[in-house]
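Reader: I have a model open and want to learn how to read it. Where do we start?

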Amino acid sequence: MTPFGERLEAVFAAYGHLCLGLDPHASVLAAWGRPDSAEGVRELGLRAIEAAAGRIGIMKPQVAFFERHGAAGYAVLERLLAEARDAGLLVIADVKRGDIGSTVEAYGEAWLRPGSSLEADAMTISAYQGLGSIEQVMTDAESAGKGLFVLAATSNPEAAAIQRAVLQQSSRAGSTVAQAITQGVIGWNQGRTDAAERAVGSIGVVFGATTDLPSAGIDIDGQPPRPGLPVLAPGFGHQGAEPRDIRARFGSYAGGVVANESRSLLMAGPDGLGDALARRVDEYGAAIA
Ligand SMILES: O=c1ccn([C@@H]2O[C@H](COP(=O)(O)O)[C@@H](O)[C@H]2O)c(=O)[nH]1
């Protein structure tokens, strides 16, 4: 299986860095003239995939908006994951799972195991129970050609109090939580036997596009890591960040940014989404070039 990092790199080259977030909020469904039900979510999702196919390369369903509709919502999600894959989109399941290691492994099987009904290309994950708790999932993801995005410096302002806290113990004492997680992920990618041959690693982090990374202890002025670090970056559009902010916000990490926008794009509605995607692809392309 081609490593996730390699597939991500190919998508960046072919379609750029924009990721359409599939967040069927009740307000979005209303704007689309669809009911706030699993059926409404299905109709929206299918049209969104149709608009995305051939225009962009990455989609991020937010699982919470499917869970809202219970088992029927999950059935819709299974269908959309398969449709997105068939449309050639790279899918990041935004599930933010985390627990003791043995349980996280089960989450990994649910979302990343080839053949699972919920199979995605990558998932978001939390390491707040320790980086060691997600190690086996990193290994399993890597062997299956899948990816992970570990929460590090998220886009919500209230996260700062925890993510900027400074570690007192461990080999990373003196680092902020965000920095320790980021360095742990970079180190993990560098520890692969074929690391030197890889341009981009398969394990990434979540950095909010609205987050002041240096205040979180992340050095954005140094040399980019080798292999490069995939960075899932929500916060564009509705939360206020713009494509022109990418260089200033992410510095040497800009080349690995997966720029997620959900509500700001979806609110263009079924007839406007395709054009909105095309416009944004150009804007991100110009900002990252
Ligand atoms: O730090 C984070 C991590 C994840 N998210 C998720 O991204 C989208 C953002 O949606 P918008 O409508 O573009 O604001 C949503 O699914 C969040 O759960 C995040 O915002 N910040």
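Author: Start with what the buried residues of α7 pack against: α6 (101-112), β4 (122-125), β5 (147-153), α9 (177-190) and β6 (203-207). Helices (H or I, at least four residues) and strands (E, at least two) are DSSP runs, numbered from the N terminus. This is a predicted model: local features need pLDDT of at least 70, side-chain atom pairs count only at pLDDT 80 or more, and totals for chains, interfaces and linings use all residues. Residues are numbered from 1 along each chain as its sequence is written.

Reader: Which residues of helix α7 are buried?

Author: A residue is buried if 20 or more other C-beta atoms lie within 10 Å of its own, exposed if 12 or fewer, and partly exposed in between; C-beta atoms are placed from the backbone. In α7 (residues 135-143), the buried ones are Val-137, Met-138, Ala-141 and Glu-142. They cover an arc of only 135° around the axis, so they sit on the same side of α7. The arc is that of the directions from the helix axis to the C-beta atoms.

Reader: What follows α7?

Author: Gly-145, with a positive phi near 75°.

Reader: Is Leu-277 buried or exposed?

Author: Leu-277 is buried, because 22 other C-beta atoms lie within 10 Å. Its place is in helix α12 (residues 269-288). Contact means C-beta atoms, placed from the backbone, within 7 Å. Beyond four places in sequence, the contacts of Leu-277 include Leu-18, Ala-51 and Leu-265.

Methods. Contact = placed C-beta atoms within 7 Å.
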